[in-house]
Amino acid sequence: MKIYNELLSAHKEKGETVFSGADAFKLYDTYGFPIDLTVEMVEEEGMSVDEAGFKSYMEEQRIRARKAREALGDLGWAGVEFGKDVPATEFVGYDNTIIDGAKVVAIVSEDELVDTVVAGMDAIVVLDQTPFYAESGGQVCDMGVITGENGSVFEVTAVRKTADKKWLHSGRVVSGSFGVTDKVSASIDVCRRAAVSRAHSSTHLLQGALRSVLGSHVNQAGSYVEP
């Protein structure tokens with residue numbers, strides 16, 4: 001409120017009746033002050049907010065953020081670069097729902113590469129091979145568990161893949177600990193996979209039926225396939 005009042009006073013001293021978009025954006029972006037609250041308070045002072053200017057600053061921020069993510073590469077959304085030492089993941093999920101002897105090749109926690117994670121920590125685990133299907137083309141990923149030789153359990157709740165074929169298993173360490181180079185077992189939730197597969201097949205069957213009845217001009221795109 002102190003900062004808001006200082007900005008407001010500066011506008012009044014200049015005889016202005018419009019609270020600048022730049023100041024409204026500063027309040028929002030730097031101090032977490034909601035734009036709708038700024039508008040309401042400024043109107044109580046008999047002034048208005050340059051909302052078009054505010055939106056322009058917001059768009060510039062989105063562009064900067066997008067470029068920053070692009071500069072970080074495929075894992076820009078997580079704020080981490082793996083580097084060339086981390087190999088691509090071999091996907092073996094078409095033939096397997098569980099594998100033993102997979103190797104942990106990288107771990108990310110709190111946006112940083114780490115060597116070890118312990119119970120209670122959220123993390124991204126990268127394996128040299130995996131049965132987990134990564135989210136792709138509107139089809140949701142597999143879920144399941146990664147189990148260490150010492151009985152440690154990592155619950156996988158999301159799986160994404162990078163352009164260079166690294167599978168990113170996101171989740172939480174339920175018990176024990178995991179370290180880079182550990183040998184682990186990876187198993188998917190088979191019932192969930194079966195339900196997603198049925199939904200996937202149903203999408204194609206529906207498309208086939210629509211084309212049969214209505215004609216070949218019918219096209220399918222953007223289906224969200226989940227259990």
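**A guided reading of the predicted model**

Lysine 165 has a relative accessible area of 44% and is therefore partly exposed. The model in which this residue is seen is a predicted one. Lysine 165 sits in the loop between β10 and β11, and its phi is near 65°, a positive value in a residue other than glycine. On either side of this position, a charged pair is formed: the side chains of aspartate 164 and lysine 166 meet in a salt bridge, with 2.6 Å from N to O. The two partners differ in their surroundings. Aspartate 164 is partly exposed, because its relative accessible area is 39%, whereas lysine 166, with a relative accessible area of 5%, is buried.

Threonine 181 is not a glycine, yet its phi is positive, at about 85°. This threonine belongs to the loop between β12 (177-179) and β13.

The salt bridges may now be considered as a group. Side chains of opposite charge can pair when their charged atoms come close. The structure holds six salt bridges, among them the pair of glutamate 45 and lysine 12, whose side chains meet at 2.5 Å, N to O. This pair links distant parts of the chain, since glutamate 45 lies in the loop between α3 (35-44) and β2 (48-49) while lysine 12 lies in helix α1 (residues 2-13), 33 residues apart. Glutamate 45 has a relative accessibility of 39% and so counts as partly exposed; lysine 12, at 40%, also counts as partly exposed.

Another salt bridge joins arginine 193 to aspartate 142, with the closest N and O atoms 2.7 Å apart. Because arginine 193 lies in helix α5 (residues 190-214) and aspartate 142 in the loop between β8 and β9 (144-148), the pair ties together parts that are 51 residues apart in sequence. Are the members of this pair buried or exposed? Arginine 193 counts as buried because its relative accessibility is 18%, which falls under the 20% limit for a buried residue. Aspartate 142 is buried as well, with a relative accessible area of 3%.

Two packed helices are described by the angle between their axes and the distance between the axes. The axes of α1 and helix α2 (residues 21-31) come within 11 Å and cross at roughly 170°. An angle of this kind makes α1 roughly antiparallel to α2. Where they meet, Ile3, Tyr4, Leu7 and His11 of α1 are in contact with Asp23, Leu27 and Tyr31 of α2. Within α2, the buried residues include Asp23 and Leu27, along with Gly21, Ala24 and Phe25.

The interior of the model comes next. In soluble globular proteins, nonpolar side chains tend to be buried together. The largest nonpolar core has 22 residues, and those with the most contacts inside it are Leu127, Phe132, Ile146, Phe154, Val159, Phe178 and Val184. At least two residues of this core are supplied by each of β4 (98-109), β7 (122-127), β10 (153-161), β11 (167-175) and β13 (183-188). Strand β4 gives the largest share, four residues. A second, separate core has 15 residues, including Tyr4, Met41, Val49 and Met58.

Leaving aside residues up to four places away in sequence, valine 184 touches Ile99, Asp100, Gly101, Ala102, Val104, Leu127, Ile146, Thr147, Gly148 and Phe178. Glycine 151, in the loop between β9 and β10, is 33 residues from valine 184 in sequence and 9.5 Å away in space, C-alpha to C-alpha. Because its relative accessibility is 43%, glycine 151 counts as partly exposed.

The last stop is threonine 130, found in strand β8 (residues 129-130). Why does threonine 130 count as buried? Threonine 130 counts as buried because its relative accessibility is 0%. Its side chain makes a polar contact of 2.8 Å with the side chain of histidine 169. Apart from residues up to four places away in sequence, threonine 130 touches Thr89, Glu90, Phe91, Val92, Gly93, Ile99, Trp167 and His169.

Key
Residues numbered from 1 in each chain as written. Predicted model: local features only at pLDDT ≥ 70, side-chain atom pairs only at ≥ 80, totals over all residues. Heavy atoms only, no water. Buried < 20%, exposed > 50% of the residue type's maximum accessible area, 1.4 Å probe, protein only. Polar contact = N/O pair within 3.5 Å; in protein donor to acceptor, adjacent residues only side chain to side chain. Contact = heavy atoms within 4.5 Å. Core = buried A, V, L, I, M, F, W, Y, C linked by side-chain atoms within 4.5 Å. Salt bridge = Lys/Arg side-chain N within 4 Å of Asp/Glu carboxyl O. Axes fitted to C-alpha atoms, helices over the stretch in contact; angles between N-to-C directions. Parallel < 35°, antiparallel > 145°, perpendicular 65-115°, else oblique.
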